[in-house]
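Let's walk through this model together, one feature at a time. Keep the sequence and the 3D view open while you read.

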Amino acid sequence: MRIEVYDTPEDLAAAAAARLAGLLAETPVTFGLAGGSTPAATYRMLRDELLQWEHVTCWLPDERWVPPEDPLSNALMARRQFTDHVPAQLIAPDTTLPDPGEAAAAYERLLAAEFDNGPDVVLLGIGSDGHTASLFPGTEALSVDQPAYVANWVDRLGTWRLTASAPLLHQSSQIVYLVSGQGKAEAVRRILVDEEPLPARVVAEGAADVTWLLDAEAAAQLS
Ligand code: 6PG
């Protein structure tokens, strides 16, 4: 695992955009888009890169169980910050279906048609509890031992999430973790120094090539 630390969130976003542009240069390629708030600045910079976007297929390692136009939707964020601005394709889970399990299964079938030996480039974030994608500590999706896309009930949030399983993420050629802010410093230390088997570490440990891009605040407890 490579760990790189950048002074500011802006430096981090610029470095992440440049790194991802390099990883996406060889096409056709699939690109897993992290959700949440941290990647937005990176997506805005990345969309200005001159790449063969028409050969880039984007997908979501996780999604919130909300309607597509809901402000919490990762697909909506990804469209607004990124895929509406480049001719890349975004394949998103259909959250208008009545059942999250059904939506996850349908999406898994779509992804299977896109992946050769698994995902290519995957961008992930982490939560302050060490979750990644929507693999939260203590939730059922963590015990899925096959490459899969599943519905995951998250008691702490009182909601369903859709998420790639750890074995699916393990098949990725490249995983890039993007982590910013003081609120993540303890989780970063627990994952990278204390080596606690938090979900983000479980995913990282099973993957072939992992890069951690952090800003100084997120890396504050590493030294
Ligand atoms: C989600 C994400 C999740 C995210 C972390 C960090 O849907 O919430 O995919 O795994 O990466 O929760 O979120 P922030 O970037 O908003 O801190």
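## Aromatic pairs

The structure holds seven aromatic pairs. Rings of Phe, Tyr and Trp (its six-membered ring) pair if their centres lie within 6.5 Å; planes under 30 degrees apart count as stacked, over 60 as edge-to-face and the rest as tilted. Tyr43 and Phe82 make a stacked pair, 5.4 Å centre to centre with 20° between the planes. Tyr43 lies in helix α2 (residues 40–46) and Phe82 in helix α3 (residues 74–83), so this pair ties together parts that are 39 residues apart in sequence. Helices (H or I, at least four residues) and strands (E, at least two) are DSSP runs, numbered from the N terminus. Tyr43 and Phe82 are both buried, where buried means under 20% relative accessible area, exposed over 50%, and partly exposed in between (1.4 Å probe, protein chains only). Phe31, Tyr43, Trp53 and Phe82 form one aromatic cluster.

A word on how to read all this: the model is predicted, so local features need pLDDT of at least 70 and side-chain atom pairs count only at pLDDT 80 or more, while totals for chains, interfaces and linings use all residues. Residues are numbered from 1 along each chain as its sequence is written, and side-chain values use heavy atoms, with hydrogens and water left out.

## An edge-to-face pair

Which kind of aromatic pair do Tyr107 and Tyr149 form? Theirs is edge-to-face, with 4.7 Å centre to centre and 75° between the planes. The pair links distant parts of the chain, 42 residues apart: Tyr107 is in helix α4 (residues 100–114) and Tyr149 in strand β7 (residues 149–154). Tyr107 counts as buried because its relative accessibility is 1%. Tyr149 is buried too, with a relative accessible area of 2%.

## The three-stranded sheet

Three strands form an open sheet in the order β4-β8-β7, with antiparallel pairing. Two strands pair if DSSP finds at least two bridges between them. The edge strands, β4 (62–64) and β7, each pair on one side only. From one strand to the next, the twist averages 25°; axes are lines fitted to C-alpha atoms, for helices over the stretch in contact, and angles run from 0 to 180 degrees between N-to-C directions.

Three bridges join β4 to the antiparallel strand β8 (residues 159–164). Here Arg64 stands opposite Arg161 in β8. Helix α4 packs on this sheet, touching β7 and β8, and its direction makes about 150° with that of β7. Contact means heavy atoms within 4.5 Å.

## The seven-stranded sheet

What is the order of the seven strands in the open sheet with parallel pairing? The order is β1-β10-β9-β6-β2-β3-β5. At its edges are β1 (2–6) and β5 (89–91), each pairing on one side only. The twist averages 20° from one strand to the next.

Strand β6 (residues 121–124) pairs with strand β9 (residues 174–179) in the parallel sense over four bridges. Leu124 has Tyr177 in β9 as its bridge partner. Helix α6 (residues 185–192) lies across β1, β9 and β10 (210–215), running at about 150° to β10.

## Around the ligand

There are 14 residues around the ligand, and Thr38, Asp62, Arg64, Ala133 and Lys184 come nearest. A residue is near a molecule or strand if one of its heavy atoms lies within 4 Å of it.

Now for some polar contacts, where a polar contact is a pair of N or O atoms within 3.5 Å; within protein, one must be able to donate a hydrogen and the other to accept it, and residues adjacent in sequence count only if both atoms are side-chain atoms. Thr38 places a polar side-chain atom 2.6 Å from an oxygen atom of the ligand. For Asn74, a polar side-chain atom lies 2.8 Å from an oxygen atom of the ligand. Ala133 takes part through its backbone: a polar backbone atom is 2.6 Å from an oxygen atom of the ligand.
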